[in-house]
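Please have the sequence and the coordinates to hand while reading.

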Amino acid sequence: MTDPTALTLRAAAAAIAQGKLSAEALVEACLDRVERLQPALNCFINVTAERARKQARVADAAVKAGSALGPLHGVPLAHKDMFYRAGEVCTCGSKIRRDFVPDHTATVLARLDAAGAIEIGHLNMAEFAMGPTGHNEHYGRCRNPWNPDHITGGSSSGSGAAVAAGLAFGALGSDTGGSVRLPAAACGVVGIKPTLGRVSRYGTMPLSHSLDCIGVLARSVGDCARLLSLIAGPDARDGMASRRPVPDYEGGLDEAAQPGALAGVMIGIPNRYYFDDIDPEVAELIADSRGVLEKRGAKIVDVPVGDHGALNDLSNAVLWPEAAGLHLQWLRERPQDYAKQGRARLLVGLGVSSTLYGEALRARAGFLHELLRDAFSQCDVLHVPVLRRPVPTAAETDVGGGAAMQQVLGQIVANTRPFNFLGLPGLSVPIGLTRNGLPQAMQLVGRPFREDLLFRVGAAYEAAAGPFARPKL
Amino acid sequence: MSAADDEELSETALAELLTSSGVAVTQDEIAPIARTIARINAAARLLLRPSFDDTVEAYYRLLEQDGAGADA
């Protein structure tokens with residue numbers, strides 16, 4: 001096997017289970033790549049190499065002993081540095097928590113451990129998951145593997161970059177306004193933000209309890225399906241986790257790869273907002289991706305949506321007051337320890353009226369009902385771009401904490417944030433490169449808890465378009 | 001922290017509001033915050049008309065109920 005890091009997660013797991021590849025060799029291949037690329041990409045805050053090597057030896061012994069193996073047995077993963085593991089520092093990308101050692105382990109990590117995954121380190125992220133670009137004043141900017149001058153997207157910046165660069169086979173991220181889908185799109189990997197409540201948040205850093213979702217990033221739709229199937233589901237330690245059983249997300253993906261697999265699937269194109277001022281290059285790629293789905297049997301229909309631009313602004317009336325409440329003590333006592341951009345966002349939360357916050361939360365049911373009634377009565381899946389413009393350079397987004405910053409950041413999250421407000425699942429799938437050499441992605445959005453359908457449509461696209469290119473590193 | 005949502009706060013009033021929460025702010029931070037809050041308030045005026053019986057719980061119920069429909 002020439003380069004085992006080029007395998008998909010599912011192929012790597014199968015190779016280990018069949019004894020064709022050792023976990024130790026795979027972990028070493030990833031760690032070698034981390035050592036070579038970390039100076040250029042800055043994906044990791046902490047590499048847990050020795051623990052990973054030890055786990056790999058144990059994993060190989062289990063294969064030799066003929067033990068029962070989990071679906072991720074021996075597969076190297078790395079996660080955004082906001083998932084608590086008892087006894088291990090978790091910085092949350094911040095100066096304030098530089099030395100924070102949690103006393104409990106996140107449910108999502110425990111579930112991946114139980115499936116046999118090997119964690120090789122903690123990944124870079126925006127400070128307290130508060131920015132969509134990948135900037136981090138405390139640990140340095142994470143850089144895009146396709147071109148280090150460009151942003152990775154955020155806040156799960158390290159998750160997008162590390163998976164794209166082949167440093168890990170998959171990564172956990174969190175998505176409060178686009179933080180899984182944006183780095184997935186900008187780095188050319190697949191990412192899913194599940195339905196609100198689909199995945200337990202126990203043991204994860206909170207930002208906004210009404211909006212936070214834990215998601216995954218990987219190099220194929222099938223890999224994401226496997227990861228989500230393992231972390232999703234009820235959790236007695238998270239009272240807001242849905243009790244709904246988890247479908248077999250991987251089941252049906254092989255059939256989805258067949259020609260005509262999308263017969264009967266209606267793909268909805270919103271009739272307003274999501275394509276406003278779209279860059280022509282992005283529009284062309286999105287139209288091409290729509291054409292691919294159509295050739296696979298899907299029917300394309302225009303569907304009405306409400307004023308999602310205003311909805312986008314309104315989500316700030318929920319996100320920032322909740323975040324400011326969490327951070328209030330530190331804002332009082334350690335204001336100098338926040339980066340300027342993060343602090344500016346939190347201060348917005350202090351200025352939003354509490355009655356407005358309450359009203360925005362109460363109004364969510366009406367907005368969701370409207371979209372289900374008007375759009376999802378005519379289609380199964382919405383199809384929109386993740387970003388409306390080519391991935392910007394870091395310099396284009398490095399604009400301090402003023403009005404210009406708010407405008408640029410507003411553009412980046414314009415197509416992701418409304419779906420956080422509505423709580424709907426969204427899958428980001430890469431669809432090509434713009435002339436600047438950076439990836440672009442389509443976003444498939446479904447009804448509540450229809451992640452299975454998003455994976456099916458994504459897999460059909462992937463089968464038709466072929467595996468997405470990897471950056472030359 | 002609370003402020004009337006049907007009136008735009010002046011930058012001075014906003015600075016006082018933030019300071020009253022115990023957080024020190026500088027004058028140059030206030031203008032961009034005020035602009036963002038004004039945009040949020042504008043969206044709210046346009047969109048927010050929940051009825052007396054619209055509750056936060058109704059949203060979570062709708063998510064779960066629609067999901068149950070999808071299972072069927």
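## Basis of the model

The model is predicted: local features need pLDDT of at least 70, side-chain atom pairs count only at pLDDT 80 or more, and totals for chains, interfaces and linings use all residues. Residues are numbered from 1 along each chain as its sequence is written, chains are lettered from A and ligands numbered from 1 in the order in which they are written, and side-chain values use heavy atoms, with hydrogens and water left out.

## Chain B

Chain B contains three helices and zero strands, arranged along the sequence as α-α-α. Helices (H or I, at least four residues) and strands (E, at least two) are DSSP runs, numbered from the N terminus.

Of the 72 residues in chain B, 38% are buried. Buried means under 20% relative accessible area, exposed means over 50%, and partly exposed lies in between (1.4 Å probe, protein chains only).

## The interface between chains A and B

Contact, defined as heavy atoms within 4.5 Å, links 49 residues of chain A with 45 residues of chain B. The size of an interface is often given as the accessible area lost when the parts come together. Here the two chains bury about 3,900 Å² between them, with 62% of it on carbon and sulfur atoms. Buried area is the accessible area (1.4 Å probe) that two parts lose on being put together, summed over both. On the chain A side, Arg244(A), Leu350(A) and Arg362(A) lose the most area to chain B, together 16% of what that side buries.

## Salt bridges across the interface

Side chains of opposite charge can pair when their charged atoms come close. With a salt bridge taken as a side-chain nitrogen of Lys or Arg within 4 Å of a carboxyl oxygen of Asp or Glu, the count between chain A and chain B is four. One of these joins Arg343(A) to Glu29(B), at 2.6 Å from N to O. Arg343(A) is buried at 9% relative accessibility, and Glu29(B) is buried at 16%.

Another pair that crosses between the chains is Arg447(A) with Asp66(B), whose closest N and O atoms are 2.8 Å apart. Arg447(A) belongs to the loop between β11 (439–446) and α16 (451–465) of chain A, whereas Asp66(B) is in helix α3 (residues 56–71) of chain B. Arg447(A) is partly exposed, with a relative accessible area of 23%, while Asp66(B) is buried at 12%.

## Salt bridges in the whole structure

How many salt bridges does the structure hold over all chains? The total is 21. Within chain A, Arg181(A) pairs with Asp175(A), the closest N and O atoms being 2.8 Å apart. Arg181(A) is buried at 0% relative accessibility, and Asp175(A) is buried at 0% as well.

## A three-stranded sheet in chain A

Chain A has an open sheet of three strands in the order β1-β3-β2, with mixed pairing. Two strands pair if DSSP finds at least two bridges between them. The edge strands, each pairing on one side only, are β1 (44–47) and β2 (76–80). The twist averages 35° from one strand to the next. Axes are lines fitted to C-alpha atoms, for helices over the stretch in contact, and angles run from 0 to 180 degrees between N-to-C directions.

Strand β3 (residues 118–123) pairs with β2(A) in the parallel sense over four bridges. Lys80(A) has Leu123(A) as its bridge partner in β3(A). Helix α3 (residues 49–64) of chain A lies across β1 and β3, running at about 160° to β3(A).

For Cys43(A), the nearest cysteine sulfur is that of Cys142(A), 4.2 Å away. Cys43(A) is buried, with a relative accessible area of 0%.

The sulfur of Cys379(A) is 20 Å from the closest cysteine sulfur, in Cys213(A), and is therefore too far for a bond. Cys379(A) is also buried, at a relative accessible area of 3%.

Key:
A disulfide is a pair of cysteine sulfur atoms within 2.5 Å.
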